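User: I have a model open and would like to learn how to read its features step by step. Could you walk me through them?

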Amino acid sequence: MSVQKKIVVFTGAGISAESGISTFRDSGGLWEKYDIRDVATPEAWTKNPNLVLEFYNQRRKQVLEAKPNAAHKALVELEKKFNVRIITQNVDDLHERAGSKNVVHLHGEIRKSRSTFNPELVYEIDGWEIKAGDKCEKGSQLRPHIVWFGEQVPEMENAQEISSDADIFIIIGTSLNVYPAAGLVHFTKKDCPIFIIDPNEVNNPGISNLVMIRESAGKGVPILVEKLLRGELQLS
Ligand code: OAD
């Protein structure tokens with residue numbers, strides 16, 4: 001029996017753009033409209049929790065209205081033939097709703113809240129809002145289950161281990177600006193083929209065996225998936 005090849009897919013905001021969810025650093029992106037320091041840091045939470053709650057409530061609303069697109073769906077197809085692990089920087093649940101089975105969220109999950117008293121107390125949010133006064137079972141205010149700038153990335157070690165085991169590494173829709181996530185590619189094996197799918201120029205993260213596919217995720221991912229499923233790509 002042949003052993004299934006391991007495909008690791010590393011995704012960013014670009015894979016959900018065609019589902020109507022805003023990216024961060026494109027023109028018109030979220031960080032053009034908001035200052036990171038006002039809404040996505042522990043300091044912001046201390047200074048103005050209502051603004052932070054409102055920012056993420058709006059994001060959650062957008063996610064609830066969105067649906068997985070052709071790119072999310074194509075990645076599910078890959079599971080027919082490969083062992084697929086997805087590492088996403090996205091806080092939406094579109095990979096899961098498309099049907100992907102193994103998804104690691106590096107930057108948290110927007111549809112969950114967690115206790116400000118004990119980070120182990122994580123809850124599914126019913127609807128789109130966390131309100132001031134919503135509390136955990138210990139009586140502390142709930143916050144969004146999001147990794148803010150300046151906070152540890154608890155899933156990072158797990159993601160590094162998964163990346164180091166990849167036979168193929170596919171990067172989709174990320175500007176590779178935010179560390180430590182952007183450094184994951186450097187944990188891959190020396191001969192691991194790397195693909196980047198992004199309609200815009202992405203800085204080569206300093207790797208040699210790289211294929212750039214300058215397409216939107218909705219177009220580029222199904223094409224690459226089809227080629228992989230048909231065995232049309234020369235892989236090590
Ligand atoms: P960015 O907004 O930095 O980058 C989005 C990338 O998606 C860019 O490279 C775009 O060219 C690309 N893109 C745009 N439309 C696309 C499409 N239709 N198909 C494919 N690619 C497309 O988003 P991320 O790299 O995900 O963290 O940002 C990383 C982290 O920064 C986020 O997880 C978030 C943010 O601040 C936190 O909030 C902690």
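This is a predicted model: local features need pLDDT of at least 70, side-chain atom pairs count only at pLDDT 80 or more; totals for chains, interfaces and linings use all residues.

User: Let's begin with the sheet. In what order do the three strands of the open sheet come, and is the pairing parallel or antiparallel?

Analyst: As a general idea, strands of a sheet pair through backbone hydrogen bonds, in either a parallel or an antiparallel way. Here the open sheet has three strands in the order β5-β4-β6, and the pairing is antiparallel. β5 (122-124) and β6 (142-146) each have a single partner strand, so they stand at the edges and one side of each has no neighbour in the sheet. From one strand to the next, the twist averages 45°.

User: How many bridges join β4 to β6?

Analyst: Four bridges link β4, residues 108-115, with β6.

User: Which strands does helix α5 touch?

Analyst: Helix α5, residues 49-65, packs on the sheet and touches β4 and β6. The direction of α5 makes about 140° with that of β4.

User: Now the ligand. Which residues come nearest to it?

Analyst: There are 23 residues around the ligand, and F24, R25, T174, S175 and D198 come nearest. For polar pairs, look for N or O atoms within 3.5 Å of each other. A polar side-chain atom of D198 is 2.6 Å from an oxygen atom of the ligand. For N200, an N or O atom of the side chain lies 2.7 Å from a ligand oxygen, and for W31 a polar side-chain atom is 2.8 Å from an oxygen atom of the ligand.

User: What about E79: where does it lie, and is it buried or exposed?

Analyst: E79 sits in the loop between α6 (70-78) and β2 (83-88). Buried means under 20% relative accessible area, so E79, at 18%, counts as buried. A polar atom of the E79 side chain lies 3.0 Å from the backbone nitrogen of K101. Apart from neighbours within four places in sequence, E79 is in contact with Q4, V84, G99, S100, K101 and N102.

How values were computed
Residues are numbered from 1 along each chain as its sequence is written. Side-chain values use heavy atoms; hydrogens and water are left out. Two strands pair if DSSP finds at least two bridges between them. Helices (H or I, at least four residues) and strands (E, at least two) are DSSP runs, numbered from the N terminus. Axes are lines fitted to C-alpha atoms, for helices over the stretch in contact, and angles run from 0 to 180 degrees between N-to-C directions. Contact means heavy atoms within 4.5 Å. A residue is near a molecule or strand if one of its heavy atoms lies within 4 Å of it. A polar contact is a pair of N or O atoms within 3.5 Å; within protein, one must be able to donate a hydrogen and the other to accept it, and residues adjacent in sequence count only if both atoms are side-chain atoms. Buried means under 20% relative accessible area, exposed over 50%, partly exposed in between (1.4 Å probe, protein chains only).
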